Number of protein chains: 6
Amino acid sequence: MSLPDIKGREAILKVHSREVKMGASVDLSVIARRTPGFSGADLANVINEAALLAARRNKEGVELPELEESIERVMAGPQKKSSLMSEKEKKIVAYHECGHTLVAKLLPNTDPVHKVSIISRGHALGYTLQLPIDDKYLTSRTDITNRLAILLGGRCAEELTFAEITTGAADDLAKASSYALKMVTEFGMSDKIGPLALKKPTQEVFLGRDITQNAGYSERTAQLIDEEVKRLVMDAQAKATELLTSHKKILDDLAAKLFDREVLSGEEIDVILAASPA
Amino acid sequence: MSLPDIKGREAILKVHSREVKMGASVDLSVIARRTPGFSGADLANVINEAALLAARRNKEGVELPELEESIERVMAGPQKKSSLMSEKEKKIVAYHECGHTLVAKLLPNTDPVHKVSIISRGHALGYTLQLPIDDKYLTSRTDITNRLAILLGGRCAEELTFAEITTGAADDLAKASSYALKMVTEFGMSDKIGPLALKKPTQEVFLGRDITQNAGYSERTAQLIDEEVKRLVMDAQAKATELLTSHKKILDDLAAKLFDREVLSGEEIDVILAASPA
Amino acid sequence: MSLPDIKGREAILKVHSREVKMGASVDLSVIARRTPGFSGADLANVINEAALLAARRNKEGVELPELEESIERVMAGPQKKSSLMSEKEKKIVAYHECGHTLVAKLLPNTDPVHKVSIISRGHALGYTLQLPIDDKYLTSRTDITNRLAILLGGRCAEELTFAEITTGAADDLAKASSYALKMVTEFGMSDKIGPLALKKPTQEVFLGRDITQNAGYSERTAQLIDEEVKRLVMDAQAKATELLTSHKKILDDLAAKLFDREVLSGEEIDVILAASPA
Amino acid sequence: MSLPDIKGREAILKVHSREVKMGASVDLSVIARRTPGFSGADLANVINEAALLAARRNKEGVELPELEESIERVMAGPQKKSSLMSEKEKKIVAYHECGHTLVAKLLPNTDPVHKVSIISRGHALGYTLQLPIDDKYLTSRTDITNRLAILLGGRCAEELTFAEITTGAADDLAKASSYALKMVTEFGMSDKIGPLALKKPTQEVFLGRDITQNAGYSERTAQLIDEEVKRLVMDAQAKATELLTSHKKILDDLAAKLFDREVLSGEEIDVILAASPA
Amino acid sequence: MSLPDIKGREAILKVHSREVKMGASVDLSVIARRTPGFSGADLANVINEAALLAARRNKEGVELPELEESIERVMAGPQKKSSLMSEKEKKIVAYHECGHTLVAKLLPNTDPVHKVSIISRGHALGYTLQLPIDDKYLTSRTDITNRLAILLGGRCAEELTFAEITTGAADDLAKASSYALKMVTEFGMSDKIGPLALKKPTQEVFLGRDITQNAGYSERTAQLIDEEVKRLVMDAQAKATELLTSHKKILDDLAAKLFDREVLSGEEIDVILAASPA
Amino acid sequence: MSLPDIKGREAILKVHSREVKMGASVDLSVIARRTPGFSGADLANVINEAALLAARRNKEGVELPELEESIERVMAGPQKKSSLMSEKEKKIVAYHECGHTLVAKLLPNTDPVHKVSIISRGHALGYTLQLPIDDKYLTSRTDITNRLAILLGGRCAEELTFAEITTGAADDLAKASSYALKMVTEFGMSDKIGPLALKKPTQEVFLGRDITQNAGYSERTAQLIDEEVKRLVMDAQAKATELLTSHKKILDDLAAKLFDREVLSGEEIDVILAASPA
């Protein structure tokens, strides 16, 4: 909420690009539109990384390709030079990422998939970039439910294809569990819990003295929360499994192409989906 | 309780306006009457903000409009220059705020609605200003019960209209849950718990040593508290839903007008309600 | 227990009044008798406040009225200049305080009611002054049971008269709950718990290190404690309700007079009670 | 266990009395025999207090009476100058102390009662002095069981006589509960718990870091401990009640004499008991 | 994950061997291949230890034997000079280690066993060296399940052979329990718990203030986790027991040889297994 | 485990005896063999204490008797000069220690009893010295089970003989409970819990910040642990009782001799056992 909106981002980008030579092709309002959710510091990084890339490439000024590359870097860490995964692992990761991608494409009203990759960046073995079209001020129950299904999609694709699951989904599960918990305890999105905020009270700390407050609810409520969180994540898994099962051929096509090419753009994904019979 | 009452507020306003040129139209006793619940610091801010506004507007002295604007600023933060919400979001927020407003208008003996707005201020996407007529020293069970229904009204309006709920109600739910908890554990307003104070004992902290005391009640009592808190909030939701359902036409009229005009004053709200058939 | 007894108080009063001119009417042994429960610091305050009052009143020396006024100030905080409560609130507070007063008068062997007032002092909207006749070294089960009924009397009077309850009883409920807890866990005054001390062990803190000890009892015992505490407070409420219901006419008379006059002395209360038919 | 034994005490007394003039009547080995359970610091206090008393009494040297008086002071605090208890309170305290005394006399193999008093010392309104004959290295289950009955005797005497209980027993209950807990969790003296040590592990604190360890047992065990502790204290209460009921006449005689004389020595107690018919 | 991969290891080895004379036989890429899971500091140690060994052996440069010895040292601590275990203990340890080895050999797709030894190293009485062929980026449910069976194999071999268990398996049990817990709470590998992350939230600590968060799940969920962890470890024990029972003759042969020779290489193990009838 | 083994101990003893004149009779390898379980600091103390004893005895050098005395001192604290226990207490302690001794003698494969004594040392009223023959690297379930029975033997002997139990067994119970807990939660020696490590996770403390982790198991598991710990200790008590009951005559003989002589060597114990009819 305290992140800058599109106008704020454009203003921030302008400030940081004052002492950087920008190519004629660059329109900062376009960059502002492509960076919802970025903080001021993130935007400063985007400009700096782009300037470094342009220098390394002996360009006179920063052009769009450098800015696009640096946006991705800020989101997912620097690209690793070479992949050392085994073929088997690469194949699993390809299916995992295409699981996320395909569920995102099949569900209505989700953010567009910009890119899917199995080139490691930072800690991730692969990644699926979804960018929102606009800044968002409100998120609906359906939005979060879709997000859960997309997160589970990676693991479901692994399981459907290899009848085996791996440690690769740990991060997705942690995120999905955390979103589901917020639905239940902060957003009043579980009918069984009702329109209550059950968040544990934050601790006030004053002058080095910490004033702990016990949880504001009973064991029975804790149990109900657990059940609701589980139900939400299980539903998301069922949804993802259903979508991927009924579109298994497309999943195979996508994963094969991604295994081959290592990166697919949003446009390339659309072409593969359009070519598929379903 | 330790906030200044009306006489105290007038005295404080006088102190802070000594070195500010006040227009002839300004009667500080009127300002004191309109600021119940303000602290001394809040009142100082009101005078300062009003002086700044008058300077910006090249007025010779502070007049009523500057004071009214600055009272609002102190209550809800500075107004955002431009709304970047999508049309869809703006519509949801309009219904949400009108939900609060309409429940407040339909329940007897509630504080008058002074204004409703969908222009963002501070963190809020919209807000409904209710001002008490007098300073209050006692709050009855009915008063708090009504407050809960008004808080739930925003979310109920969203759900009735769009069959969807959003994260926009999180703050309302947190407030409602907290008031309901106080009814049950501090004010003896739950018949099942009885006239008991079950507040967790405050921790005494002495010379940097913190002396924690465990909760003064059992898991079974914690469970009973949870049930009562839930019942109070569910009842409030039922009440709000019932009122908004039986006055859905007025809600639609109000929300349409608010969507158009972005701000409605108490008088304008009254006109719309009077024009409605119910 | 470490408070001074009557002889100690007289000695302390003598020390602090050495440099204050005392009128001929003042007998410090009388003041000592009227201040059981006062600490040494409280007694020093009594003398100082009385000296200030005498100076403000241009008296040559401190007389009894100044000492009486200053005793009350030390007990309940300085009197507020003007009452800003609404008529409705003033009426509720009058009934609340008369509820305490009447239950205290109807129960045998309770401390005499010295005064009842609806002029705000400190945080309290009203107050009922009960002064013990003697210093007390032992408190019986009956004494505490009566104290609980008197505490609940305020809220019962509100409920009987207005069929509504308010936040005004929160302090009474907190005190009653705390006394009931001590009966059950420290004084062995619950037959279901038996002659056991179940107080949570105090934490020893040594050199900034805090050595927490878990509670010395099980959840089942915690539940039994909760039940007994609730039973004691519910019994007190039933007792207070019964007494006030069967003496509702006197309650109305008392409250009407208190609403009119804002303060009633012990003697005035006795007159009203004597005039009542019951 | 780390307290000095009889030889150690005699040695310590000798050290501290080197610079104090001792009368011919004084035999430090006798004093050592009368001070089992005293620490080195307690013994130093005994000598110092005795020297002060002798000086105040203008004696040339410390004699036995000063040493006896100072032993008592160290055990129970300085005697209060004057009793301010009401007659009623004095009577309750007399019965309370005689309850302790009579149960101690009626149970076999308990430490001899040296004195019983209703002159306040320190925080206590009265006290019963029991002195062991020898240093003790082992305490049997029967010893502790008797101790519990003696502790409960005070409250039982109050209840039998006045059909009322007071806050005066709070200290006895705390001690009895604590001894019973040790029987159950440290000494393996509960058949239901068996020969287990269930003491909560002590916390190790190192360099300002505190290393909490959770309790080593389950809620079910905590419940069993509670039941056993309660059973032990209830048994002690039943025993004390039975003894005092069947010797009520002696209790009345003892309490009457104590009320009159305020202090009774062991010999005087024996005379009253011998004179009683039972 | 933040450990260097094969290319990174080779680079690190090169850096650290700059000032060390390396024999012609040494190919650092081979050493890099044999040290998956080593940190940068581990690799530095490998070079240093090898240099020291070469110096002690009066070699002109480091050769492969010194590097192999130093890799083992870094993995399991320095070899103890002489074994002081009793014959009985040596026999138990031989069976224990062969239990690990045989289960690892009998399960498909496990890391190759490089060596098994009953010469103490560091704290371990014996050890079984399993080295992965490649760096691993993903671990499957089957991989971890196999790892559990291998860990349990030591204790199962002891029990099958001596009908007795010892404290020697404590470390294996701790590791197996910890892996099983991760399967259940982090990797979503328990069907009963489902694809949820149930890890206790890490505590945020800020400026010396510690902000504890209670566990994010209820007692019922804690119980389900316990059941699943137990099931996973019990299944592993059953698997290990089944494999060792049906290959008891080979286990005896392996253990006898290991008892004799104290160390067996991977090749020697293969020879024994090949010679066995099964 | 990090304690020195026999060779290590001999080396340490040599270092510490460099500047101490040793008699010709002293063979440090013998001392090393008699001190399994001693730390380096303990061994240094053995040498120092022996040197002091030799000096006090005006010997030219340390001889075997001084070393033996000092080994015992390091194990059980300095011998108290004189026993102040009553005859009754001395008799109880004699039976208690002989209970330990006799159970140890009757169970197969336990460490030899070197000495039994009722001369107080440190905090202990008596003690039974059991010395292992060899350093031990592995402890079996049977070893620990026997240890539990020996620990319970003291209390069982008291109970069988005097039909009374005392506080004297508190230390034995604490040790037995702690060993049993380790069997259940660390060594996988309870069939009901299975081969799991349930030890509470150690707390990591970093830079003064303490990072508490909740227990890794549920209340139901805690309950199961309690049951298993109790079963193990109850079984040990049953075993000890059975052995002592069926050898009561020998127990009486042993205790009578120990009461008389206050110390019995291993050889003397063997003579008494051999003389007994059983």
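Two strands are taken as paired if DSSP finds at least two bridges between them. Helices (H or I, at least four residues) and strands (E, at least two) are DSSP runs, numbered from the N terminus. The model is a predicted one, in which local features need pLDDT of at least 70 and side-chain atom pairs count only at pLDDT 80 or more, while totals for chains, interfaces and linings use all residues. Residues are numbered from 1 along each chain as its sequence is written, and chains are lettered from A and ligands numbered from 1 in the order in which they are written.

Chain A contains 10 helices and 5 strands. Of its 278 residues, 44% count as buried, a residue being buried if 20 or more other C-beta atoms lie within 10 Å of its own, exposed if 12 or fewer, and partly exposed in between, with C-beta atoms placed from the backbone. Two residues are in contact if their C-beta atoms, placed from the backbone, lie within 7 Å. Among contacts in chain A between residues at least 6 apart in sequence, 68% join residues at least 24 apart.

In chain A, 3 strands form an open sheet in the order E2-E1-E5, with antiparallel pairing. Strand E2 (127-130) and strand E5 (263-265) of chain A are at the edges with a single partner strand each, so one side of each has no neighbour in the sheet. On average, neighbouring strands of this sheet are turned by 10 degrees against each other, direction ignored. Strand E1 (residues 113-117) of chain A pairs with E2(A) in the antiparallel sense over 4 bridges, and A:Lys115 stands opposite A:Leu129 in E2(A). Helix H5 (residues 87-106) of chain A lies across E1 and E2 of chain A and runs at about 165 degrees to E1(A). Axes are lines fitted to C-alpha atoms, for helices over the stretch in contact, and angles run from 0 to 180 degrees between N-to-C directions.

An open sheet of 3 strands in chain D likewise has the order E2-E1-E5 and antiparallel pairing. Its edges are strand E2 (127-130) and strand E5 (263-265) of chain D, each with a single partner strand, so one side of each is left without a neighbour in the sheet. The twist averages 10 degrees from one strand to the next. Strand E1 (residues 113-117) of chain D is joined to E5(D) by 3 bridges, and the two run antiparallel; D:Lys115 has D:Ser265 as its bridge partner in E5(D).

In chain E, 4 of the 5 residues of strand E1 (residues 113-117) are buried. E1(E) is joined by 4 bridges to strand E2 (residues 127-130) of chain E, running antiparallel, with E:Val113 opposite E:Gln130. A further 3 bridges join E1(E) to strand E5 (residues 263-265) of chain E, again antiparallel, and E:Val116 has E:Leu264 as its bridge partner there.

Helix H5 (residues 87-106) and helix H9 (residues 248-261) of chain D pack at an angle of about 125 degrees, with their axes 8 Å apart. H5(D) is therefore oblique to H9(D) (under 35 degrees counts as roughly parallel, over 145 as roughly antiparallel, 65 to 115 as roughly perpendicular and the rest as oblique). Residues of the contact include D:Ala94, D:Cys98 and D:Leu102 of H5(D) and D:Leu251, D:Leu254 and D:Leu258 of H9(D).
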